[in-house]
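Let's take a friendly walk through a protein model together. Keep the picture in view as you read, and look up each residue when its name comes up.

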Amino acid sequence: MFRRLCRAILLLQEILFGTLKDIYSFITIIKNIKGGDFVIGQVINVFSTKGGVGKSTTVKLLSLVANELGKKVCIIDTCENSSIATGFLRDRDSFKKSAYDWFIGDAKPSEVIQQFGDSNIHYIPSDERICSFSDWVNQNIPKVKQLQVLSSKIEPLKKAFDLIFIDSHPTATTELVHYAIAASDYCLIPSEVDKDAVDGANRCCQIITDYQQAGYVIDYGIMFNKVELGFKVNEQLKIMKQTLIDLGVPEAKFLGNVRYSKTVTTTKNEGVMLNRTRNKYADNVMNDIRAVNYRISFALKQNEVNP
Ligand SMILES: Nc1ncnc2c1ncn2[C@@H]1O[C@H](COP(=O)(O)OP(=O)(O)O)[C@@H](O)[C@H]1O
Ligand SMILES: [Mg+2]
């Protein structure tokens, strides 16, 4: 009698536990579907062959927006200036190991990933050695595998992060730029309202188009940054946009404009996050970035449906 009772209790416990487990996985699936504008583990490369257009700033601000939306983010800094670490208030020389060590297999991700406070924002800092990474690849990786060298590094991170940003290296001549593109689902190209910057943006669009034609599932969009308000600048903006359209960039690739505000630089210098700054200038720039984030997530969703 006692034995039977024990067996019945065990059976009941198993059924109950199994059901709870099923309910838990169901809730997790629903949460993942509902919670994400982005599909898990997508790689967004903020890419420009021109320095100073706002790549590192844009990566930082987009991460703040992703954090607001509850997304877990990892930024991979591939630029020697290490602006991502300084942007998140760390001394660039304070790291034992950086992206370069991880890239060449001398560090595990856990040894290089840093967390910003207790937020969902993580980043892998960089340093000057990153510039010699392509040489290391040429000496150590078979030619046929070279272009995929970053993508194979990033693949395991996709399980741990909703979004992975790459702060791109600012020269088209380094192979590192191509390893980053080959690892990305989306390239965001920031441009200033300036003829040289627009030429640079056009080159970037061409490069991504080459990848698309070679069979890569990758999309891109252009964001005008540091846009000053006023009639004359607005006219310039229209001309620059039309120049790109005439060169073959589809209208749908324009993601919107992020306005110029001194607050962006002053808050950076003061070590304050822009979305924690309570003034209308900071709010306006953050709202511009939120709109860009929305457009990128929309484009990525379209690609999921029509790869
Ligand atoms: N929307 C903006 N308004 C004003 N200044 C900006 C804006 N975006 C970037 N900046 C400033 O422009 C400079 C270059 O930006 P940065 O992100 O370092 O460019 P990159 O990474 O492309 O070299 C920095 O001083 C930054 O604070
Ligand atoms: Mg930078």
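Two residues are in contact here when they have heavy atoms within 4.5 Å. Among the contacts in the protein chain with a separation of 6 or more, 78% join residues 24 or more positions apart. Before going further, please note that this is a predicted model, in which local features need pLDDT of at least 70 and side-chain atom pairs count only at pLDDT 80 or more, while totals for chains, interfaces and linings use all residues. Residues are numbered from 1 along each chain as its sequence is written, chains are lettered from A and ligands numbered from 1 in the order in which they are written, and side-chain values use heavy atoms, with hydrogens and water left out.

Start with the overall picture. The protein chain has 12 helices and eight strands; these are DSSP runs numbered from the N terminus, with helices (H or I) of at least four residues and strands (E) of at least two. The chain has 307 residues, and 46% of them count as buried. Buried means under 20% relative accessible area, exposed means over 50%, and partly exposed lies in between (1.4 Å probe, protein chains only). The accessible surface of the protein chain comes to about 16,400 Å², with 55% of this belonging to carbon and sulfur atoms. Such areas come from the Shrake-Rupley method with a 1.4 Å probe, and for residues only the protein chains shown count as cover.

Now look at charged side chains. A salt bridge is a side-chain nitrogen of Lys or Arg within 4 Å of a carboxyl oxygen of Asp or Glu, and the structure holds 12 salt bridges. In one of them, Arg 129 pairs with Asp 101, and the closest N and O atoms are 2.7 Å apart. Arg 129 lies in the loop between β4 (121-124) and α6 (133-140) and Asp 101 in helix α4 (residues 99-103), so this pair ties together parts that are 28 residues apart in sequence.

Which other residue does Arg 129 meet in a salt bridge? The partner is Asp 127, at 3.0 Å from N to O. Arg 129 is partly exposed at 34% relative accessibility, whereas Asp 101 is buried at 8% and Asp 127 is buried at 16%.

For another pair, find Asp 283 and Arg 278, whose side chains meet in a salt bridge of 3.8 Å, N to O. Here Asp 283 is partly exposed, with a relative accessible area of 31%, and Arg 278 is exposed at 65%.
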